Every structure is written in structure tokens, then in C-alpha cells.
Amino acid sequence: MPDNQEIDFHILRQLARQPHTTQREFAKMLCVSLGRINYCMNALLDKGWIKAQNFQRSDKKLAYAYLLTPEGIDTKARITARFLKRKRAEYDALKAELEQLTA
């Protein structure tokens, strides 16, 4: 199960590509509850990394487009670097373990 920092990373990355992604779509994509996504989205809004913009959908339900703020764009770059560093370390550890087990 992803931690909140990993969820933040995926949310920021996806919003940079597709700002109309819904919270329900994030929950399905990340295999976490809708409530947890709502909590993370509100935290990102409170930090000023994203802003929500209302728009009207064709089915007449009010929806939001989540846009990255300039601070959010900078933060996304820093989080991406940390995420890649952590995943590289996990990969190296797993590779070493596999080499040890196959030796």
C-alpha cells in the first residue's frame, strides 16, 4: 500500500498530464480508498501545491480541474527526484538479494 508521499507523487505527476483526473479515478488508479485520496488532495490544496478550478461537466454535475501551482511544479520535481532515488535503492537492494540467492 503506498504511503502518502508516494500518493502525492502520483497525484502531482498525473495532474501535470491530465488536470481533469477525478478523485475517484485516482483512488482506482492507486488502489486506495476515495477518502484517502480526498485527504491527500486537501493536504495538497492546503500546502498550495495545487488549486481547484470548477467546471461544468456535460452530465450537469459540478466537477473540478486540479491545476499545479508554480510551487507545486517545483515540489513535483523535488518529489520525483526523491522517489527515483528511493526506487533505485530498492532496485539495487533487490538485485543484490537475487544475486545472493542465485549464487
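Helices (H or I, at least four residues) and strands (E, at least two) are DSSP runs, numbered from the N terminus.

The model is predicted: local features need pLDDT of at least 70, side-chain atom pairs count only at pLDDT 80 or more, and totals for chains, interfaces and linings use all residues. Residues are numbered from 1 along each chain as its sequence is written, and side-chain values use heavy atoms, with hydrogens and water left out.

Buried means under 20% relative accessible area, exposed over 50%, and partly exposed in between (1.4 Å probe, protein chains only). Gln14 of helix 1 is buried at a relative accessible area of 15%. Beyond residues up to four places away in sequence, Gln14 touches Thr21, Phe26 and Met29.

The largest nonpolar core has 19 residues. Such a core is a set of buried Ala, Val, Leu, Ile, Met, Phe, Trp, Tyr and Cys residues joined through side-chain atoms within 4.5 Å. The residues with the most contacts inside it are Ile7, Ile11, Leu12, Leu15, Ile37, Met41 and Ile50. Helix 1, helix 2 (23–30), helix 3 (34–47), strand 2 (62–68) and helix 4 each supply at least two residues of this core. Helix 1 gives the most, with five residues. In soluble globular proteins, nonpolar side chains tend to be buried together. Leu12 is in contact (heavy atoms within 4.5 Å) with Leu44, Trp49, Ile50, Leu68, Lys76 and Ile79, leaving aside neighbours within four places in sequence.

Helix 1 also packs on helix 3. Their axes come within 10 Å and cross at roughly 75°. Helix 1 and helix 3 are therefore roughly perpendicular to each other. Axes are lines fitted to C-alpha atoms, for helices over the stretch in contact, and angles run from 0 to 180 degrees between N-to-C directions. Angles under 35 degrees count as roughly parallel, over 145 as roughly antiparallel, 65 to 115 as roughly perpendicular and the rest as oblique. From helix 1, the contact uses Asn4, Ile7, Asp8, Ile11, Leu12 and Leu15. From helix 3, Arg36, Ile37, Tyr39, Cys40, Met41, Leu44 and Lys47 take part.

One aromatic pair was found in a search of the whole structure. Phe9 and Phe83 are stacked, at 4.0 Å centre to centre and 15° between the planes. Rings of Phe, Tyr and Trp (its six-membered ring) pair if their centres lie within 6.5 Å; planes under 30 degrees apart count as stacked, over 60 as edge-to-face and the rest as tilted. The pair links distant parts of the chain: Phe9 sits in helix 1 (residues 4–17) and Phe83 in helix 4 (residues 70–102), 74 residues apart. Both Phe9 and Phe83 are buried.

Cys31 lies in the loop between helix 2 and helix 3. Cys31 is exposed, with a relative accessible area of 65%. Its phi is positive, about 60°, although Cys31 is not a glycine. Asn54, in strand 1 (residues 50–56), is partly exposed at 48% relative accessibility. Glu90, in helix 4, is partly exposed at 40%.
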